[in-house]
Amino acid sequence: MKNLFLIIILFTLTISCKAQTYPLRTFTQIPQNAYLKDTNNELQYYVGTWKGSWNNKTIYITLKKITNQYNTNLKYYKDFLIGKFKVEDSNGQILFDNTSTSDYDAKISGVGIRKIDDKYSLGYIDPDFCMDGSIRINFTDSTKTKLNWQFFDTTDIITPDCPNYNSNPFPEPLPKNIILTKQ
């Protein structure tokens with residue numbers, strides 16, 4: 001009887017300790033300590049370096065997949081993309097470059113796939129420019145070598161402690177709308 005009771009307790013503990021795994025396209029409440037996993041390997045298509053031009057500038061954006069990372073705000077684990085970028089002017093002079101920052105300090109970080117339009121959403125927080133916003137990306141071709149990029153700047157107030165407070169024009173590190181090509 002004691003052995004049966006012990007087996008039942010161990011079985012119950014084993015089941016309750018195992019975190020549940022959900023696919024990226026889960027649009028319901030995710031329980032604490034669960035894992036929002038890229039089960040269909042969808043994020044892999046975004047991984048790599050992408051290039052585009054706008055306003056006599058060229059941007060190189062490198063997207064990387066992060067797996068099984070715990071999100072302290074959401075209280076669950078998830079797979080997502082991060083982005084680092086370099087912008088050059090038409091003479092090849094580097095205007096902005098955050099490619100050497102750690103993955104933890106990446107200024108672009110994935111949120112998830114949007115149910116409404118199937119675009120992948122990312123957040124942008126850049127204390128160096130006192131800017132923040134959201135980015136939406138989606139493929140424009142079946143070969144997944146062209147990426148539509150939309151940046152929505154949500155910066156509300158620039159305070160005097162911002163390094164670019166008196167800049168005129170204010171820096172434009174990211175394009176608003178661009179087609180990027182996989183390199």
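**Cysteines, core and rings**

Mentor: Cys162 is buried, because its relative accessible area is 5%. Buried means under 20% relative accessible area, exposed over 50%, partly exposed in between (1.4 Å probe, protein chains only). Keep in mind that this is a predicted model: local features need pLDDT of at least 70, side-chain atom pairs count only at pLDDT 80 or more, and totals for chains, interfaces and linings use all residues. Residues are numbered from 1 along each chain as its sequence is written, and side-chain values use heavy atoms, with hydrogens and water left out.

Trainee: Which residue does a disulfide join to Cys162?

Mentor: Cys130, with S to S at 2.1 Å. A disulfide here is a pair of cysteine sulfur atoms within 2.5 Å. The link of Cys130 and Cys162 is right-handed, with 115° about the S-S bond. Cys130 sits in the loop between β8 and β9, and Cys162 in the loop between β10 (146–153) and β11 (177–182), so the pair ties together parts 32 residues apart in sequence. Strands (E, at least two residues) and helices (H or I, at least four) are DSSP runs, numbered from the N terminus.

Trainee: How many disulfides is that by this rule?

Mentor: The count is one disulfide.

Trainee: Is Cys130 buried or partly exposed?

Mentor: Cys130 counts as partly exposed, because its relative accessibility is 23%. Cys130 also has a positive phi of about 55°, although it is not a glycine. Most residues other than glycine have a negative phi.

Trainee: Where is Asn33 found?

Mentor: In the loop between β1 (21–23) and β2 (35–37). Asn33 has a positive phi of about 65° and is not a glycine. Asn33 counts as partly exposed, at 39% relative accessibility.

Trainee: New topic, the core. Which residues have the most contacts inside the largest nonpolar core?

Mentor: Ile137 and Trp149, in a core of 37 residues. A nonpolar core is a set of buried Ala, Val, Leu, Ile, Met, Phe, Trp, Tyr and Cys residues joined through side-chain atoms within 4.5 Å. The largest share of this core, six residues, comes from β5.

Trainee: What does Ile137 touch?

Mentor: Not counting residues up to four places away in sequence, its contacts (heavy atoms within 4.5 Å) include Tyr46, Leu63, Leu81 and Trp149.

Trainee: And the rings? How many aromatic pairs are there by this rule?

Mentor: Seven aromatic pairs. Rings of Phe, Tyr and Trp (its six-membered ring) pair if their centres lie within 6.5 Å; planes under 30 degrees apart count as stacked, over 60 as edge-to-face and the rest as tilted. Trp50 and Phe139 have ring centres 6.2 Å apart and planes at 45°, so the pair is tilted. Trp50 is in strand β3 and Phe139 in strand β9, 89 residues apart. Trp50 is buried at 0% relative accessible area.

Trainee: Which residues form one aromatic cluster?

Mentor: Tyr46, Trp50, Tyr120 and Phe139. Phe139 counts as buried, at 19% relative accessibility. Elsewhere, the rings of Phe96 and Phe129 have centres 4.9 Å apart and planes at 85°, so that pair is edge-to-face. Phe96 lies in strand β6 and Phe129 in the loop between β8 and β9, so the pair ties together parts 33 residues apart in sequence.

Trainee: Are Phe96 and Phe129 buried or exposed?

Mentor: Phe96 counts as buried at 14% relative accessibility. Phe129 counts as buried at 13%.
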